[in-house]
Amino acid sequence: MVQYGHFDDKAREYVIETPATPLPWINYLGNEDFFSLISNTGGGYSFYKDAKLRRITRYRYNGVPMDNGARNYYLSLMSGAGEDATPIATWSPTFLPTKAPLDSYECRHGIGYTTFHAGYQGVESELTAFVPLHTAAEINLLTVRNTTGEPIVVDATGCVEWCLWNAVDDSSNFQRNLSTGEVEVERTDDDTVIYHKTEFKERRNHYAFFSVNEPTVGSDTSRDDFLGQFNGWDTPQVIADGKPRDTIAHGWYPIAAERVRLELAAGEERTLVFMLGYIEVPDDRKWEDPTDPAKVGIINKTPAHELIARFDTTEKVKAAFRELQDYWERLLGGFQVSSGDGKLDRMVNIWNQYQCMVTFNLSRSASYYESGIGRGMGFRDSNQDLLGFVHMIPERARARILDIAATQLPDGSAWHQYQPLTKKGNADIGGGFNDDPLWLVAGVFAYLTETGDDSILREPTQFDNAEGSEQPLLEHLRRSVNFTMGHRGPHGLPLIGRADWNDCLNLNCFSSTPGESFQTVENNDTGIAESVFIAGMFVLYGEQYAQILERFGTACGMSDEQVKEETAAVRQAIEEVREATLTAGWDGAWFRRAYDANGNAVGTKDDTEGRIYIEPQGMCVMAGIGTDDGKAQQALKSTKDLLTCRWGTAILAPAYSTYRIELGEISSYPRGYKENGGIFCHNNPWISIANAKVGNDDEAFNVYTRTCPAYVEEHSDVHRTEPYVYCQMVAGPEAPQPGEGKNSWLTGTAAWTFVDVSQYLLGIQPTFDGLKVEPHLPAQFTDLTVERTFRGTKYVIHITRTGERTLGVDGRAVDGNTIPMAPEGTEEVRAEVTM
């Protein structure tokens, strides 16, 4: 059992006590448009809105050594203060890039910020990185303190490497890019600012800058000159020489390096404000003075000056930092639990909600495993992310729903992803994933139950971003449901298309060409391959659509008769699909996964491999299929017996040992990894919810803890990924190294786990009529309190175990298990619940 740090719950931080974590352990900075990734050694990158199209700093995946060349800070103890001063020792306050063995090191990843504490040869440093609210910039606040007992001189150098905006082009189009890099340097008595203006004179209206709020002894913008021949970021020539060269980059590799000399008396400390910022200017105001021939090509720096002035003192930065902390205090305060289990409380109160926010912001587009160049925002992904986020900032969830819906195709299907900068469907990724449409229903239903805001259903929304195609959002939901109803196969089950939730179950692709993408290869849909998983989805979300019609149809212009007719038609289709699932979809002891394009069952005892899959067991039971005849319980028993190990529940078993062209990418992975027998943390919450729904409370909680980071922290040497957030996958029981985590942070696991723990285990579920309270916790939980903000009212819910279920609200007994909606303007409601 090995840990590399510990939780500090009071500070809402994870404290990393060594730079030598098994993998880079990262954090995210930014909540709106400007985002940065930062590792426990200062690695990462920054971008504005879109990690592909507005990449600000460069990052090299698959680099050796890994995680180099991002935020590069160098502290140099100098022999003197004059021009002839030379470095005695150089180190980094983040350990990398210099790798000097620090006397002390601590990285604290907090909520929206990261702080590094380091000590070396009597010099203490503190570096705090964060993105202020409503600001397109990252602040790096660096404090250097002299504890040697003698006067010293320390040079502090901060350096970033510019990406030439389009991250794909930047990493491939060298014949052009090595000639295009352009910078400007502005040095005054108060500060130095280096501007990155590549391509600004033609098609771009944006630039970036790197600044420091103190006079500098020099700067550099040429990477070649800064590093010197044969050197890396750990040993730059300029740092070794102790003298900046004041270089100006013309093409090649532009950087921004600024050096400040600090003369520190014994016990003295100085603080510097480094800023990485992004600026957009209107096309007619791009230049400082377009009429003056002497100033042609000089960018309009006024917006940058205004931004820098907002944070040009330590006091201003600290005020912005307090504002950020207060923001998160309010945000996380919307759902808090005190359960007596510290691990459960820290995940619910802090880290799970925080991860929900990050995944909502970025979908699957930018992490240390998603490079940001191949994916945008997922249609399916973003709708699922809403489920765990909607209680935090409902107005942003509303805007996201409308963005997603506007990429939907007129027949109800969808582009699989869209680019966040353009908000248009990404044709390069393609479509034809037949589960996508129904996730829109799930996202809208969650928004409606959380807010009651039915105006969203009447919001005119385009199809495929085509002007003039606007229809109310309710029509988008109708086409989503009708798409599934109209695309059913020989057994009456929904057709799978290219794939369903499992992108790698490609039953209509038949790819045999090396390197061919399963995501975009021709979809040879014969109208035969069916999905039992989508069947479960349709039963669950088709019913939610019917409830939306009954509740809001007339408010959206439908007559009572139209509502009755449509809900009846939908529910008739639901029953048909339910019956097909219980017959053609049932294999005797579990639900089958699918039928392939040849009409053969997938996920059946008649196969030697891939006999049982996790997805239909979770989704079908969540939908209530088989709960009245024992099939649901049997399916969950099979799931526990055949798929579950100490690290979680695998996606399928046994894993495939050969490539099966009729199944696609799923069988291309090595056994035990990813979709071929890995533990997909995303769908483990479905099994937990399913167990809760049928009353298996102990197993529901056990499923939750097997993949929950706080409960596996002590095995960080095995798990490897961050012990404070979920990863997408854990190597399964058939893998050579079971329990090894992969692809952390950006995963639907965050949202689904929060739905599981908040709405099913703790049992606080928003409905149209109030908060339903139905906990499903094991016997060790006897007394707990949940505080939950719902439609502007704070609900304080005290739950005790007595063996019977009762509900009291503000001292009055209430029938049933739903706390009625409080009158508008009510500040607080107190409820007593027994279980």
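Six strands line up as β20-β37-β38-β42-β39-β40 in an open sheet with mixed pairing; strands here are DSSP runs of E with at least two residues, helices are runs of H or I with at least four, and both are numbered from the N terminus. Two strands count as paired if DSSP finds at least two bridges between them. β20 and β40 (812-813) stand at the edges with a single partner strand each, so one side of each has no neighbour in the sheet. Further in, β39 (residues 806-809) and β42 (residues 828-834) run antiparallel and are joined by four bridges, with Gly 808 opposite Glu 832 in β42.

This is a predicted model, in which local features need pLDDT of at least 70 and side-chain atom pairs pLDDT 80 or more, while totals for chains, interfaces and linings use all residues. Residues are numbered from 1 along each chain as its sequence is written, and side-chain values use heavy atoms, without hydrogens and water.

Now to helix α6. Buried means under 20% relative accessible area, exposed over 50% and partly exposed in between (1.4 Å probe, protein chains only).

| Residues of α6 | State |
|---|---|
| Thr 314, Val 317, Ala 320, Phe 321, Leu 324, Tyr 327, Trp 328, Leu 331, Leu 332 | buried |
| Glu 315, Arg 330 | exposed, on the face turned away from the buried side |

The buried residues of α6 pack against β10 (113-120), β11 (123-130), β12 (137-146), β19 (269-280), β20 (335-338) and α7 (342-362), contact meaning heavy atoms within 4.5 Å.

Helix α17 (residues 697-707) is mostly covered, with nine of its eleven residues buried, including Phe 701 and Tyr 704.
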